[in-house]
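Hi,

Here is the structure I promised to send over. Have a look at it first, and then read on for what turned up when I went through it.

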Amino acid sequence: MFRISQYLREVVEAERTGVYPHPKRHGSPPGPVVIWNLVRRCNLTCKHCYALSADHDYPNELNYAEVCTVMDDLKAFRVPVLILSGGEPLLRADLFDIAARAKAMNFYVGLSTNGTLIDAAMADRIAAADFNYVGISLDGIAAVHDRFRRKEGAFDASLAAVRHLQQRGVKVGLRYTMTAMNADQLPALLRLMKDEGAQKFYFSHLNYAGRGNIHRAKDAHFVATREAMEQLFDAAWADAQAGSEREYVTGNNDADGPFLLQWLAQRAPRWVEDVRQRLQAWGGNASGLYVANIDNEGIVHPDTMWWHHKLGSVRERPFSEIWSDTTEPLMAGLKQQPRAVHGRCGDCAHLSICGGNTRVRAQQTTGDAWASDPGCYLTDEEIGFVSEVA
Ligand code: SF4
């Protein structure tokens with residue numbers, strides 16, 4: 001996850017004081033953030049669902065006792081954050097028991113939902129459960145969202161959920177996945193976020209693979225991505241300058257880091273080197289390192305985009321053991337610093353910031369997890385890459 005607001009707030013602070021507020025490092029890093037797909041069933045069948053969920057029960061899901069055993073291991077492994085997800089997590093009958101146990105164990109507990117099941121009564125339960133954060137997916141306004149979600153009225157229901165939760169003091173964020181079909185919705189969604197008082201905007205890049213030999217400056221998807229990122233940076237910058245606590249974050253494309261540096265060079269060039277250091281400390285893509293996924297059957301994956309790659313089952317080995325096992329070739333490669341990427345990623349001037357980006361895109365388009373990420377929207381010139389085939 002790329003935290004735009006965090007860096008831009010630091011720049012605003014630096015502009016005010018004349019000193020960049022580099023945070024102090026404390027001890028060894030904690031375990032990974034765990035995104036936990038507790039249930040695969042969903043009341044919607046969205047176009048871009050990675051879980052390919054449907055509205056029926058799935059066999060072989062972890063039961064409550066198994067979830068508790070995993071949770072104990074996660075705590076001992078110093079996992080700080082659990083994001084409870086699905087499918088639609090609210091369809092899991094014991095979701096609130098799981099959440100209550102996680103809260104009692106002092107995890108930061110997030111809920112990732114489509115929002116359509118949150119009426120006033122459900123909002124009461126969510127508020128009482130004291131989730132630290134609830135992310136609600138919105139792909140556009142009204143009919144656009146309904147088309148994506150393949151359900152008429154889905155937008156109204158999700159928006160009502162945002163309002164119910166806001167009224168009860170729950171921290172709410174909007175989650176938006178940009179595709180060619182809803183790229184024009186971003187300004188309206190950013191406005192909606194402000195109008196509704198939502199505290200966070202999560203922009204998810206589509207796991208776009210593109211074609212092999214692309215002219216990145218002309219590819220429509222990349223042009224739209226760059227425009228979207230500039231809109232997000234502008235919004236986050238304006239909020240940071242106004243002292244707003246609203247947060248803007250992105251996911252699934254770590255080229256956002258170098259692109260922010262380029263953007264910053266036009267706005268606050270004095271602080272570019274400080275921000276570069278901060279981004280290098282962040283290190284870019286976190287799959288297999290600082291973010292992990294457990295699916296509904298207890299299979300561990302390097303992140304949610306790697307559902308086709310199984311690292312092991314928590315029914316057979318504890319998560320902590322599976323996660324630390326670098327005899328598994330993919331995990332060894334993801335944990336290697338720097339990652340042994342090649343092609344334009346290997347020669348890229350920003351590898352230490354971006355970390356080689358989303359390896360699953362490289363693997364799915366070429367069969368080689370260490371090839372260039374075809375979803376990188378920076379031009380060859382911007383990454384200092386000189387193609388041998390001019
Ligand atoms: S070329 Fe690769 S390493 Fe460089 S910014 Fe793009 S995705 Fe990241």
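This is a predicted model: local features need pLDDT of at least 70, side-chain atom pairs count only at pLDDT 80 or more; totals for chains, interfaces and linings use all residues.

H2 passes H3 with a right-handed crossing. The axes of H2 (residues 64-76) and H3 (residues 95-104) come within 11 Å and cross at roughly 20°. That angle makes H2 roughly parallel to H3, since anything under 35 degrees counts as such. On the H2 side the contact uses Tyr 64, Val 67, Cys 68 and Met 71, and these meet Asp 97, Ile 98, Arg 101 and Ala 102 of H3. Sorted by class, six residues of that contact are nonpolar, two are charged and none is polar.

Most residues other than glycine have a negative phi, and most peptide bonds are trans. Arg 78, in the loop between H2 and E3, has a positive phi, near 65°, and is not a glycine. Then, in the loop between strand E3 (81-85) and H3, you will find Gly 87.

Pro 338 sits in the loop between helix H12 (329-335) and H13.

H13 brings us to the ligand. Which helices each supply at least two residues of the shell around the ligand? They are H13 (343-346) and H14 (351-354). The shell has 14 residues, and the closest are Cys 345, Cys 348, Cys 354, Asn 357 and Cys 376. By class, nine residues of the shell are nonpolar, three are polar and two are charged.

Back to helix packing, this time around H8. Helix H7 (residues 186-196) and helix H8 (residues 220-241) have axes that come within 11 Å and cross at roughly 25°. H7 is therefore roughly parallel to H8, and their crossing is right-handed. Leu 186, Pro 187 and Leu 190 of H7 make the contact with Ala 228, Gln 231 and Ala 235 of H8. That contact has five nonpolar residues and one polar, with no charged ones.

H8 also packs with H1 (residues 4-17): the two axes come within 9 Å and cross at roughly 45°. H1 and H8 are therefore oblique to each other, and the crossing is right-handed. From H1, the residues involved are Ile 4, Ser 5, Leu 8, Arg 9 and Val 12. They meet Leu 232, Phe 233, Ala 236, Trp 237, Asp 239, Ala 240 and Gln 241 in H8. Here the classes come to eight nonpolar, two polar and two charged residues.

Finally, the overall picture. The protein chain has 16 helices and 11 strands. Its radius of gyration is 21 Å, close to the 21 Å that the globule rule gives for 390 residues, so the chain is as compact as a globular protein of that length. Along the principal axes, the C-alpha atoms fill a box of roughly 55 × 50 × 40 Å.

Cheers

Note on methods. Residues are numbered from 1 along each chain as its sequence is written. A residue is near a molecule or strand if its C-beta atom, placed from the backbone, lies within 6 Å of it. Helices (H or I, at least four residues) and strands (E, at least two) are DSSP runs, numbered from the N terminus. Ala, Val, Leu, Ile, Met, Phe, Trp, Tyr, Cys and Pro count as nonpolar, Asp, Glu, Lys and Arg as charged, and the others, Gly among them, as polar. Axes are lines fitted to C-alpha atoms, for helices over the stretch in contact, and angles run from 0 to 180 degrees between N-to-C directions. Angles under 35 degrees count as roughly parallel, over 145 as roughly antiparallel, 65 to 115 as roughly perpendicular and the rest as oblique. A crossing is left-handed if the near helix is turned anticlockwise from the far one by less than a right angle, and right-handed if clockwise. Two residues are in contact if their C-beta atoms, placed from the backbone, lie within 7 Å. The radius of gyration is taken over C-alpha atoms; the globule rule is 2.2 Å times the number of residues to the power 0.38.
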